[in-house]
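Take a walk through this protein chain, from its overall layout down to single residues. Keep the structure open beside the text.

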Amino acid sequence: MNIRFIIAMLAAKISKFLLKLIGKNATYLPGLIALKLDKNFLGGLSKPETLICVTGTNGKTTTSNMITDILRDNGYSVTNNGFGSNVQAGVATALLADATLTGKPKNKVAVIEVDERSSILVYKYITPDYLVATNITRDSMKRNAHAEFITFIVNSALPSTTKVFLNGDDLISSFFGKENTDRTYYGLDCEIPEREESAGVKDIVYCPICGGKLNADYIRYNHIGRYRCSECDFVSPERAYTVTAIDRENKTVTLTHNGENHILPLVNDNIVNVYNLCAVSGFLHKFGLSFEQIAASLKKTAIVKSRFDTEKIGDYSITMQLSKGQNPIATSRSINYIASIEAESKAMLFMCDDIEEKAESACWIYDCDYAPLASDNIKQVIFAGRRCKDHLLRALLAGVDESKIAICEDPADGAGLIDTSCRNVYILYQLYLVNEAKKAKAFIEKKAREEIK
Ligand SMILES: [Zn+2]
């Protein structure tokens with residue numbers, strides 16, 4: 001019996017109880033306390049019967065929550081950290097909440113979202129049965145340095161026995177666990193591809209095998225697409241699960257596996273969410289669920305609401321979207337998606353400066369694609385936050401008309417600047433600015449209700 005472990009567990013459980021008592025979120029601190037008292041705390045926990053880890057730069061929260069929801073809907077008892085922290089302390093918090101004092105899990109399955117940077121601190125102690133990866137793209141330079149560095153971290157930590165379920169259209173994360181023998185790939189085989197020249201930022205341009213120049217068959221966004229090497233016989237990996245059709249009208253996708261087509265509900269038509277849907281459905285089928293079970297559960301599963309949420313009030317449509325700054329790929333996808341929606345008179349309030357923006361570099365703004373903001377149906381763009389002038393300069397360089405841009409340094413002032421003649425309002429916000437985002441939403445709601453009267 002490891003006394004240190006039990007003391008750490010006891011202290012963590014008490015702190016969790018006390019935090020809940022005072023109405024605080026206990027998704028990080030209990031794990032941190034446990035790790036301070038016993039740095040091998042994760043290693044002391046008994047592994048649940050099945051441990052599924054989900055990682056990647058973008059989409060891991062959505063993917064991990066959808067896997068959890070569908071498993072629960074099919075009668076599995078599941079532990080999950082999807083609404084909490086995904087670094088080592090968050091993983092410990094989720095697992096200890098489900099464990100007895102001696103570290104035995106109560107639930108049979110754990111679906112744990114793991115921050116890719118934290119891989120080394122997590123997989124050293126717990127061995128996932130499965131790793132589901134969404135993608136690896138550039139992210140905050142201060143936190144994550146470079147995509148290759150992150151891949152190195154994941155690969156040096158991931159146990160060789162883990163079964164990997166990988167995005168075959170991402171030449172970076174598809175090399176996770178390259179020595180692992182149980183490998184399955186998923187991807188998309190539909191949609192009009194984006195033109196190569198539109199993909200300004202690419203995190204891989206040379207063949208991962210020989211270093212020769214890669215030729216793209218097509219690119220969906222950034223470096224996500226299908227490639228072949230110009231100098232060796234390397235081609236993008238063969239996929240076992242592919243989305244072969246998206247029917248936006250009937251809100252379905254066709255998922256092809258072993259030559260058979262299966263119709264599944266389309267949860268959200270943003271291309272990044274179609275990838276997430278493909279990862280979730282393909283993985284759960286490999287895990288043992290039938291496509292019928294997956295389809296039935298998907299019909300009930302709404303995409304995690306806090307990430308993308310549209311509400312219609314009178315003539316107005318207000319969309320709230322959580323959007324991390326310092327992440328040029330995710331931000332570009334959000335901007336591109338808003339520009340692609342068929343609607344006239346759109347206004348966008350953009351509040352994506354990092355809370356530590358003073359210490360962070362602003363260079364991510366130049367990796368981000370602002371060109372879609374020049375679209376005629378986007379009537380107004382408001383940059384709110386201490387970096388607003390940097391965003392303004394970046395937008396001007398991207399050809400956005402200055403007369404439709406407004407700026408303010410205090411995010412709280414953003415709401416008052418919204419041009420209410422625009423009927424479609426998009427609010428992109430950092431998590432710590434959720435109150436300012438709600439204030440902006442309330443401002444439009446009030447205007448809409450006045451018009452209804
Ligand atoms: Zn090559």
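What covers the buried residues of α5 includes α1 (3–21), α2 (29–37), α3 (41–44), β2 (78–80), β3 (109–113) and α6 (119–122). This is a predicted model: local features need pLDDT of at least 70, side-chain atom pairs count only at pLDDT 80 or more, and totals for chains, interfaces and linings use all residues. Residues are numbered from 1 along each chain as its sequence is written.

Helices (H or I, at least four residues) and strands (E, at least two) are DSSP runs, numbered from the N terminus. A residue is buried if 20 or more other C-beta atoms lie within 10 Å of its own, exposed if 12 or fewer, and partly exposed in between; C-beta atoms are placed from the backbone. Nine of the 10 residues of helix α5 (residues 88–97) are buried, so α5 is largely enclosed by the rest of the structure. Among them are Gly90, Val91 and Leu95.

Now look at one of its partners. The axes of α2 and α5 lie 7 Å apart, at an angle of about 100 degrees. Axes are lines fitted to C-alpha atoms, for helices over the stretch in contact, and angles run from 0 to 180 degrees between N-to-C directions. α2 and α5 are therefore roughly perpendicular (65 to 115 degrees) to each other. On the α2 side, Pro30, Gly31, Leu32, Ala34 and Leu35 make the contact. Residues in contact have C-beta atoms, placed from the backbone, within 7 Å.

Next, the cores. A nonpolar core is a set of buried Ala, Val, Leu, Ile, Met, Phe, Trp, Tyr and Cys residues joined through C-beta atoms within 7 Å. The largest one has 74 residues, and Ile52, Ile67 and Cys278 have the most contacts inside it. Helix α9 (residues 271–287) gives the largest share of this core, 10 residues. Beyond four places in sequence, Cys278 is in contact with Tyr186, Leu188, Tyr241, Val243 and Leu255. A second, separate core of 40 residues includes Tyr337, Met348, Val425 and Ala448.

Isoleucine 338 sits in helix α11 (residues 328–340). Isoleucine 338 is buried, with 22 other C-beta atoms within 10 Å. Not counting residues up to four places away in sequence, isoleucine 338 touches Lys346, Met348 and Tyr426.

Finally, step back. The chain is divided into domain 1 (3–187 + 233–300) and domain 2 (308–452), with bounds from an automatic or database domain assignment. Their centres, taken over C-alpha atoms, are 30 Å apart. Across the boundary, 11 residues of domain 1 are in contact with 11 residues of domain 2.

Definitions and conventions:
Two residues are in contact if their C-beta atoms, placed from the backbone, lie within 7 Å. Angles under 35 degrees count as roughly parallel, over 145 as roughly antiparallel, 65 to 115 as roughly perpendicular and the rest as oblique.
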